[in-house]
Amino acid sequence: MNITVCIKQVPSTSEVEIDEKTGNLKRDGVDSKINPYDLFALEEGVRIKEKNQAIVNAITMGPNQAEEILKEAYCLGVDNGYLISDRKCAGADVLATAKAISEGIKKVGKFDLIICGKQTTDGDTAQVGAEIAEFLGVPHANNVLQIKEIKEDSIVVDVDLPTMVQTIEIQLPCLISVDKDINQPRLPSYKLKKATKDKKIISFTVDDFEDSDESKYGMNGSATQVVRIFPPQSNDETETWEGNGNELADKIAHKILELKII
């Protein structure tokens, strides 16, 4: 079985500067870590590997410094690491990000199961996993709480829905996005760190993709653009309002316009 786990490097601090022109986070030189939700995805992939003799690949997109999280993935039991690193992918929204990662997965080769974390802590959209599946033309399930059974041609999972937990069977190959209740991630192994310290990480650029049309990646391929983004302002002063529902609604609307939030 071939498993691909999608991971992302996110800032390990909330003190991150924002580029006023692009609205993007300035990630260069910022301490980073594996997106916490992706640790659950990595753990689930490695657990399947231990039970089913699978091969686990990890793939990420970002600058060269993103190699660090792939090295950490090696210490968690991943077999191969792949990095999509190209300035043409910079400033991508969820759509362009999913397009690039889907092309990277195709470049890696055959896959039976793709595992993603539920969402990222720096974006919180929870959209990339489903969009990757759509680009690849495979079925997908979000908010997976448990993998109950892996069959020859399908996988049985529990999915967390708003009013119930539903058990569904999905045809392989497929993609699942896992929730944080699915397992308890392990700590990096020092033994694996020593064994994989010289292990290579394979890098891709847009020119390596099956679809190398630059207009589909980065800001050029993004369906959405950031209009305005700003850190919350610290304000120790509190303001108390009184009135009925209509009066309070008017005061809130007036305050929003005053602060130019929209």
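The expected span of a helix is taken as 1.5 Å times one less than its number of residues, and helices (H or I, at least four residues) and strands (E, at least two) are DSSP runs numbered from the N terminus. The model is predicted: local features require pLDDT of at least 70, side-chain atom pairs count only at pLDDT 80 or more, and totals for chains, interfaces and linings use all residues. Residues are numbered from 1 along each chain as its sequence is written, and side-chain values use heavy atoms, with hydrogens and water left out.

The protein chain contains 6 helices and 11 strands. Its mean pLDDT (the predictor's confidence in each residue, from 0 to 100) is 89, and 88% of the residues score at least 70. Confidence is highest in strand β1 (residues 2-6), at 98, and lowest in α6, at a mean of 83. Of the 262 residues, 41% are buried, where buried denotes under 20% relative accessible area, exposed over 50% and partly exposed in between (1.4 Å probe, protein chains only). Among contacts (heavy atoms within 4.5 Å) with a separation of 6 or more, 68% join residues 24 or more positions apart.

For helix α6 (residues 245-259), 15 residues should span 21 Å, and the end C-alpha atoms are 21 Å apart, which agrees. At the start of α6, a side-chain oxygen of asparagine 244 comes to within 3.1 Å of the backbone nitrogen of asparagine 246. Helix α1 (residues 36-52) has 17 residues and should span 24 Å; the distance between its end C-alpha atoms, 25 Å, agrees. The buried residues of α1 include Tyr37, Phe40, Leu42, Val46 and Ile48, as well as the acidic Asp38, Glu43 and Glu44. Glutamine 53, which follows α1, has a positive phi near 55°.

Aromatic pairs were assigned to rings of Phe, Tyr and Trp (its six-membered ring) with centres within 6.5 Å; planes under 30 degrees apart count as stacked, over 60 as edge-to-face and the rest as tilted. The count is 2. Tyrosine 82 and phenylalanine 204 are stacked, because their ring centres lie 5.8 Å apart with the planes at 20°. Tyrosine 82 belongs to strand β5 (residues 80-84) and phenylalanine 204 to strand β11 (residues 201-204), so the pair ties together parts 122 residues apart in sequence. Both tyrosine 82 and phenylalanine 204 are buried. The pair formed by phenylalanine 209 and tyrosine 217 is tilted, at 5.5 Å centre to centre and 50° between the planes. Phenylalanine 209 is buried at 5% relative accessibility, as is tyrosine 217 at 0%.

Conventions:
A polar contact is a pair of N or O atoms within 3.5 Å; within protein, one must be able to donate a hydrogen and the other to accept it, and residues adjacent in sequence count only if both atoms are side-chain atoms.
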